[in-house]
Amino acid sequence: MSCGPGSESLDNTSGSGTSGSGTSGSGTSSTPTSDSGGDSGEEGGARPQESEWKQVVDHLPFPLSGDGAITELRVGRLEYDHNFANRGDVEVYLDQDVEVISIEMRYYDFATDLNAQGDPNAPTPEEMQGTLGRMSLWAFVSAGNPAKPALMPPEDNCTVGTWKSGCAIYVYYDGKGQPIRSGADIRVHLPKKYRGELNITTEDNYGESSFPRVGNVTVEGLCSSGTVQFMQGTATVNMCRDLTPAPTCSAEQIKACEEFVDPGTMQPAAWSNLCPCPAENFGQLRIEAAKPWAGDITVDIPTTTWLNANLANLETDKPHECKPDFPACIGDICTPVALDDYSVSGEFNYPSPAAASGAGFNVTATSAGCNPVTYFDAIDDWNEDPALSKPRTETHGHITVCSGCLP
């Protein structure tokens with residue numbers, strides 16, 4: 001399984017593992033520019049601002065079968081060419097009973113009213129729009145780094161006709177350089193029956209020291225493979241209850257593997273490598289707060305499928321409080337195996353001696369650090385008087401794999 005373009009590792013050694021003192025990871029562009037009208041943190045009137053949620057794709061066909069079947073979706077990416085950075089929350093809900101996709105976006109900036117909201121009396125269209133008015137959805141089939149919408153092939157536009165496999169959901173800023181203190185939250189609704197890859201990338205925004213923001217990830221109803229890459233926020237993934245070891249195999253193939261009989265011995269051999277779903281079809285979910293970041297991770301799994309889970313906090317400064325929690329691995333279905341206090345694994349429902357031990361659906365959750373993180377929950381918690389601002393500070397780097405702990 002490939003992360004795909006736009007899902008680069010968030011390993012950014014130019015940042016800081018301690019929140020509030022680092023800068024946002026920048027992917028291939030390390031020094032973002034801003035055309036936000038000269039706004040700065042010291043300018044009077046600058047404050048955190050958000051738009052309302054905006055529906056940017058409304059129930060567009062999202063085919064799950066046939067030649068146009070969707071097999072991969074990417075949501076969010078790191079900054080590229082001073083643009084395309086969401087630096088915000090990503091929410092994905094597999095809650096649609098029909099084969100459609102809907103997308104909402106909410107844009108933000110830390111700026112004066114005129115720079116963020118626009119000035120109707122300004123001399124240029126750009127200044128009239130403001131930062132919030134110049135951000136929009138970028139959705140194209142992309143096998144590499146994104147380009148301006150006008151430079152993309154029209155046939156690769158994912159918002160025309162039907163959604164297409166290999167499409168990406170990014171943020172586009174219509175200007176020479178996306179202001180470093182701006183970004184967007186993204187909310188996506190997908191069909192419940194989607195079994196293709198879901199690859200999510202986001203980062204934090206520490207461009208404004210008085211209002212640090214973390215990028216959180218929420219996924220509900222995931223029944224397939226994917227990746228989640230983030231920094232110091234929280235990643236919460238609720239897996240579907242009918243998860244199978246091989247999500248891309250058909251129901252008939254899965255049943256055949258569960259009931260497989262070895263043709264040589266005529267003995268039951270569930271999930272033998274001779275059954276119709278070979279190892280390359282096994283699902284994989286990797287959730288990572290990459291070096292040097294400390295992120296909280298919670299994964300809610302079903303305990304009825306053949307699944308292997310691996311949890312690890314990789315902070316080298318030990319001892320620390322971020323010891324993985326694995327309450328799902330209990331009883332006869334799973335025995336936890338601890339490498340040390342900060343790494344634990346477990347295999348659920350091993351089907352038969354003919355199956356490859358350690359295979360099945362794989363869940364890997366890692367955090368590179370265990371550090372205090374300072375951030376704001378909402379813009380209303382900020383005040384221009386630091387004594388009246390209400391940021392939150394808590395240790396991140398905790399990893400939990402549970403069953404039934406999420407709503």
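Reader: What percentage of the 407 residues in the protein is made up of buried residues?

Author: The model is a predicted one. Buried residues account for 53% of the 407 residues in the protein. A residue counts as buried when its relative accessible area is under 20%.

Reader: How many helices and strands does the secondary structure of the protein come to?

Author: The protein has three helices and 21 strands. Contacts can be read alongside that count. Of those between residues at least 6 apart in sequence, 77% join residues at least 24 apart.

Reader: Which residues have the most contacts inside the largest nonpolar core?

Author: The general idea comes first. In soluble globular proteins, nonpolar side chains tend to be buried together. In this model the largest nonpolar core has 63 residues, and I101, I103, W163 and I169 have the most contacts inside it. Strand β5, residues 100-111, gives the most to this core, with five residues. There is also a second, separate core of 14 residues, which includes A246, C249, C275 and C277.

Reader: With which residues is I169 in contact, leaving aside its neighbours within four places in sequence?

Author: Contact here means heavy atoms within 4.5 Å. On that basis I169 touches L73, R74, V75, G76, I101, I103, L137, W138, W163, I186 and V188. I101, I103 and W163, like I169 itself, are among the residues with the most contacts inside the largest core.

Reader: How should I read a strand such as β8, and is it mostly covered or exposed?

Author: Take burial, then pairing. Strand β8 covers residues 183-191 and is mostly covered, with nine of its nine residues buried. Strand β4, residues 90-96, runs parallel to β8 and is joined to it by six bridges. In that pairing V90 is opposite I186 of β8. Strand β5 is antiparallel to β8, and seven bridges join the two. There, Y107 faces A184 of β8.

Reader: Which residues point one way from β11, and which the other way?

Author: G226, V228 and F230 point one way, T227 and Q229 point the other way, and all are buried. Strand β11 spans residues 226-230, and the burial count is five of five. For its pairing, β11 is joined in the parallel sense to strand β9, residues 197-201, over four bridges. I200 has V228 of β11 as its bridge partner. Strand β13, residues 284-289, also runs parallel to β11, with five bridges between them. In this pair G226 is opposite L285 of β13.

Reader: How many cavities of 30 Å³ or more are there, by this rule?

Author: A cavity is space where a 1.4 Å probe fits but cannot get out. The count here is one cavity of 30 Å³ or more. The largest cavity holds about 60 Å³ of space. Its lining consists of P48, Y108, D109, F110, R181, N205, G207, E208, F211 and R213. By type, these are four nonpolar, two polar and four charged residues. Strand β5 gives the most to this lining, with three residues.

Reader: Where is the place of F110?

Author: F110 is in strand β5. F110 counts as buried because its relative accessibility is 4%. The C-alpha atoms of F110 and P48 are separated by 4.3 Å, although the two residues are 62 residues apart along the chain.

Reader: About how much space lies in the largest pocket?

Author: A pocket, unlike a cavity, is an open set of points. The largest pocket holds about 330 Å³ of space. It is lined by 18 residues, of which D89, N216, F376, D377 and A378 are the closest to its centre. The lining divides into six nonpolar, four polar and eight charged residues.

Reader: Which backbone angles deserve a check, and what is the omega of the peptide bond that joins K291 and P292?

Author: That bond is cis, with omega about 5°. P292 sits in the loop between β13 and β14. The bond from K318 to P319 is also cis, with omega near 0°. P319 belongs to the loop between β15 and β16.

Reader: What is the phi of F84 near?

Author: Phi of F84 is near 65°, a positive value in a residue other than glycine. F84 lies in the loop between β3 and β4, and F84 is buried, at 3% relative accessible area. W271 has a positive phi too, of about 60°, and is not a glycine. W271 is in the loop between α3 and β13. With a relative accessibility of 5%, W271 counts as buried.

Definitions and conventions
Residues numbered from 1 in each chain as written. Predicted model: local features only at pLDDT ≥ 70, side-chain atom pairs only at ≥ 80, totals over all residues. Heavy atoms only, no water. Core = buried A, V, L, I, M, F, W, Y, C linked by side-chain atoms within 4.5 Å. Buried < 20%, exposed > 50% of the residue type's maximum accessible area, 1.4 Å probe, protein only. 1 Å grid on protein atoms, 1.4 Å probe; cavity = no way out; pocket = protein on both sides within 12 Å on 5 of 7 lines; lining within 4 Å. Points joined across faces, edges and corners; volume = space filled by probe spheres on them. Nonpolar A, V, L, I, M, F, W, Y, C, P; charged D, E, K, R; others polar. Pairing = 2+ DSSP bridges.
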